[in-house]
Amino acid sequence: MMGLMPSEEIRTMTPSTVRSSAADDVGKADGASTRAWTMRLLVLGIVLSALNLRPAITSLGALLEEVRDGLGMSGSVAGLLTSVPPLCFAVFGVMAPRLARRFGAGAVVCAGMVAVATGLLIRPYAGGTAGFLAGSALALMGIAVSNVLMPVIVKHWFPDRVGSMTGLYSMALALGTSLAAAVTVPLTDTLGGSWQTGLALWAGLAVAAVLPWLPFVRGRVTPPGAGEKAVEAATGGDASVGAASVGDPSARDRDEAAPTRTSAPAEHARVEAPRLRMARSRTAWALAVFFGLQATAAYITMGWMAQIFRDAGVPAGTAGLLLAVTMVMGVPLAFVIPRLATRLPHQGPIVLALGLCGLVGYAGLYLAPATGAWAWAVLLGVANCAFPLALTMVGMRARTGPGVAQLSAFAQSTGYLISIPGPLLVGVLYQHSGGWGLPIALMSALMIPQMVVGFLAGRDRTVEDEAAR
């Protein structure tokens with residue numbers, strides 16, 4: 001026995017063994033490099049996609065008067081136009097989880113950005129109001145599915161950084177929103193004064209957002225720790241979606257051959273999170289109504305605030321800048337508020353603070369729209385940060401990936417349905433009253449229930465405890 005030990009020791013040091021060990025080290029290094037590259041690509045895709053989620057709306061708000069004159073729209077029809085975004089978000093957003101289960105979330109977001117680029121390019125030249133509405137609907141369809149899937153992607157890929165990644169995504173969204181509001185009018189003037197050109201140029205930004213998602217769509221990137229069950233955990237359905245819901249079509253074969261690649265958290269999420277009945281959850285309903293009322297305020301602001309200032313005697317370029325100030329407030333606050341929210345057991349106090357800013361801003365718009373314009377723009381910008389707060393609460397009110405996917409679809413789709421009448425009613429009231437007193441009163445009145453349901457949605461509860469009963 002003792003005589004065999006030296007030979008055994010020698011066998012362990014053979015060149016083939018050394019080569020195998022070196023190959024393992026190289027494989028681990030390559031795997032780490034691939035994971036790092038994949039994560040960077042995802043962050044870039046999330047940021048560029050978020051930049052494109054509002055320019056279709058705020059660029060139109062800045063040029064709404066020119067579009068109305070060019071297409072011969074009445075105030076009521078313009079109100080219908082400003083109601084198209086929440087309508088599209090409600091109709092197409094509910095389809096997002098099913099599309100993600102079938103094609104992969106990365107493929108769906110990529111297709112969404114293609115739809116955004118196409119819709120923005122064709123709508124100014126489609127001819128007539130109907131064509132303009134159709135082009136807008138195409139762009140908004142792409143925005144809708146991306147709206148729903150972003151929290152899902154963040155929850156799955158960055159489970160320990162939901163607050164910071166939601167803040168980054170929300171900050172990019174606010175930046176794109178404010179950029180479109182600020183520069184659309186000056187760029188339109190620089191390019192010859194055509195509102196068609198001023199609206200169509202934003203298609204270029206959407207084209208750039210397509211590129212980071214292409215490797216996932218074509219299956220050239222293998223996500224770290226991805227497997228069928230991880231996909232199911234991210235989207236809440238069957239696992240035919242591809243690796244980690246970003247579209248690796250060969251993941252099924254790999255995972256069947258090597259089941260140990262499926263992470264333990266994904267297995268746990270699959271077992272612990274059955275299909276939930278969101279309509280039975282009070283928290284889900286509170287979050288959906290909160291989402292709907294904040295969306296109502298946001299789309300009224302994006303669609304009509306520049307016109308309110310213009311009717312008060314503010315020049316068109318300055319009115320666009322005021323709208324940009326409102327939107328740009330979301331850049332720093334969209335990063336701060338989600339991080340603060342994740343550290344609090346109850347997010348209700350943040351909801352109340354944002355609501356009070358909104359009420360003061362609306363009062364200022366009614367009493368002195370031109371004199372205190374910059375102050376009202378800032379206050380309404382703070383109030384609009386209810387959106388990143390709502391997204392953060394979606395991630396916090398569910399324990400699992402499937403729960404987040406289902407809650408995100410329910411809250412956003414139901415919320416956007418709730419928000420449809422608001423911008424349309426503002427247009428009708430504006431046309432028939434001949435002023436902004438009644439529309440501003442409506443905005444102020446809607447802020448009260450927003451604060452109430454937001455406070456309820458901020459309680460430390462999860463939909464799994466309520467919807468699975």
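The sulfur of C357 lies 9.4 Å from the closest cysteine sulfur, in C385, which is too far for a bond. The structure holds 0 disulfides, a disulfide being a pair of cysteine sulfur atoms within 2.5 Å. This is a predicted model, in which local features need pLDDT of at least 70 and side-chain atom pairs count only at pLDDT 80 or more, while totals for chains, interfaces and linings use all residues. Residues are numbered from 1 along each chain as its sequence is written, and side-chain values use heavy atoms, with hydrogens and water left out.

**Cysteine surroundings**
- C357 is partly exposed, with a relative accessible area of 21%, where buried means under 20%, exposed over 50% and partly exposed in between (1.4 Å probe, protein chains only).
- C385, by contrast, counts as buried at 2% relative accessibility.

**An enclosed helix**
- Helix α3 (residues 55-62) is largely enclosed by the rest of the structure, because 8 of its 8 residues are buried.
- The buried residues of α3 are P55, A56, I57, T58, S59, L60, G61 and A62.

**Overall architecture**
- The protein has 25 helices and 0 strands, both taken as DSSP runs numbered from the N terminus (helices H or I, at least four residues; strands E, at least two).
- Of its 469 residues, 56% count as buried.
- Among contacts (heavy atoms within 4.5 Å) with a separation of 6 or more, 82% are between residues 24 or more positions apart.
- The accessible surface comes to about 18500 Å², of which 66% belongs to carbon and sulfur atoms, as computed by the Shrake-Rupley method with a 1.4 Å probe.
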